[in-house]
Amino acid sequence: MAAGASVVAMPAFSLNTDEARALIQQSLNEVYAVINSGQPPAQMYKAFEAIFARYADVDVIARSALGPAARQVSPQQFAAYKQAFQGYIGRKYGARFREFIGSQVQVTDAKPVKSFYVVTSVAKLNGRAPMQVEWHVSDKSGQSKYFNIVIEGVNMLAAERTEIGAMLAANRGDIAALTSALQQAG
């Protein structure tokens, strides 16, 4: 190396299996604390939204759900859409989480796959067969976060991409109208 040359330090992404597993377990612990809190639904949905924002890579999920249109929106439009999307997810999945009262989800495994980790868990719901839930965790954005959930083979990213695409089409491709619709939906 030539004298005076500098070495640029790259961020060290050191996510490992134990950290990926711990991230999902902590997220689940917080979800269960809200589920069992007895709060009214509106407060629970806000709490679920905050958990989603803390543990999920909302930027990646929101961009993926928006699809090709994400490349054509201004940063301001995307920021408003992302905030509305985050609230929409909190309400939509928060309503489903009420089914988990009195149940448990157990993290069972974690392993590296390609450039991310797959954390598997089993949801044992009252009166129903156990469900397998897969969490995809990465630190590519600079923080360890999950960017997808696969519940019994149903891929959240793909499902939301379809739903958001349909909402965008119903709003004639207007991102502001989609953002407004997301603020009301869920």
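Author: Happy to. Contact here means heavy atoms within 4.5 Å, and a residue is buried under 20% relative accessible area, exposed over 50% and partly exposed in between (1.4 Å probe, protein chains only). This is a predicted model, in which local features need pLDDT of at least 70 and side-chain atom pairs count only at pLDDT 80 or more, while totals for chains, interfaces and linings use all residues. Residues are numbered from 1 along each chain as its sequence is written, and side-chain values use heavy atoms, with hydrogens and water left out.

Ser-27 counts as buried because its relative accessibility is 3%. Setting aside neighbours within four places in sequence, Ser-27 touches Ile-51, Tyr-55 and Tyr-146.

Rings of Phe, Tyr and Trp (its six-membered ring) pair if their centres lie within 6.5 Å; planes under 30 degrees apart count as stacked, over 60 as edge-to-face and the rest as tilted. Five aromatic pairs turn up in a search of the whole structure. In one of them, Phe-85 and Tyr-88 are tilted, at 6.1 Å centre to centre with 45 degrees between the planes. These two are three residues apart in helix H4, so about one helical turn separates Phe-85 from Tyr-88. Both Phe-85 and Tyr-88 are buried. Trp-135 and Tyr-146 make an edge-to-face pair, with 5.2 Å between centres and 80 degrees between planes. Because Trp-135 belongs to strand S3 (residues 131-138) and Tyr-146 to strand S4 (residues 145-151), this pair ties together parts that are 11 residues apart in sequence. Trp-135 and Tyr-146 are both buried. One aromatic cluster is formed by Phe-78, Tyr-81, Phe-85 and Tyr-88.

Now for the part to look at closely, the packing of H4 on H6. The axes of H4 (residues 75-97) and H6 (residues 175-184) come within 8 Å and cross at roughly 25 degrees. Axes are lines fitted to C-alpha atoms, for helices over the stretch in contact, and angles run from 0 to 180 degrees between N-to-C directions. H4 and H6 are therefore roughly parallel, where angles under 35 degrees count as roughly parallel, over 145 as roughly antiparallel, 65 to 115 as roughly perpendicular and the rest as oblique. On the H4 side, the contact is made by Gln-77, Ala-80, Tyr-81, Ala-84, Phe-85, Tyr-88 and Arg-91. H6 brings Ile-175, Leu-178, Thr-179, Leu-182, Gln-183 and Gln-184. By class, that contact has eight nonpolar, four polar and one charged residues; Ala, Val, Leu, Ile, Met, Phe, Trp, Tyr, Cys and Pro count as nonpolar, Asp, Glu, Lys and Arg as charged, and the others, Gly among them, as polar.

Stepping back, the protein has six helices and five strands. Helices (H or I, at least four residues) and strands (E, at least two) are DSSP runs, numbered from the N terminus. Of its 186 residues, 41% count as buried. Lys-114, by contrast, is exposed, with a relative accessible area of 83%, and lies in the loop between strand S1 (104-113) and strand S2 (116-124). Its phi is near 55 degrees, a positive value in a residue other than glycine.
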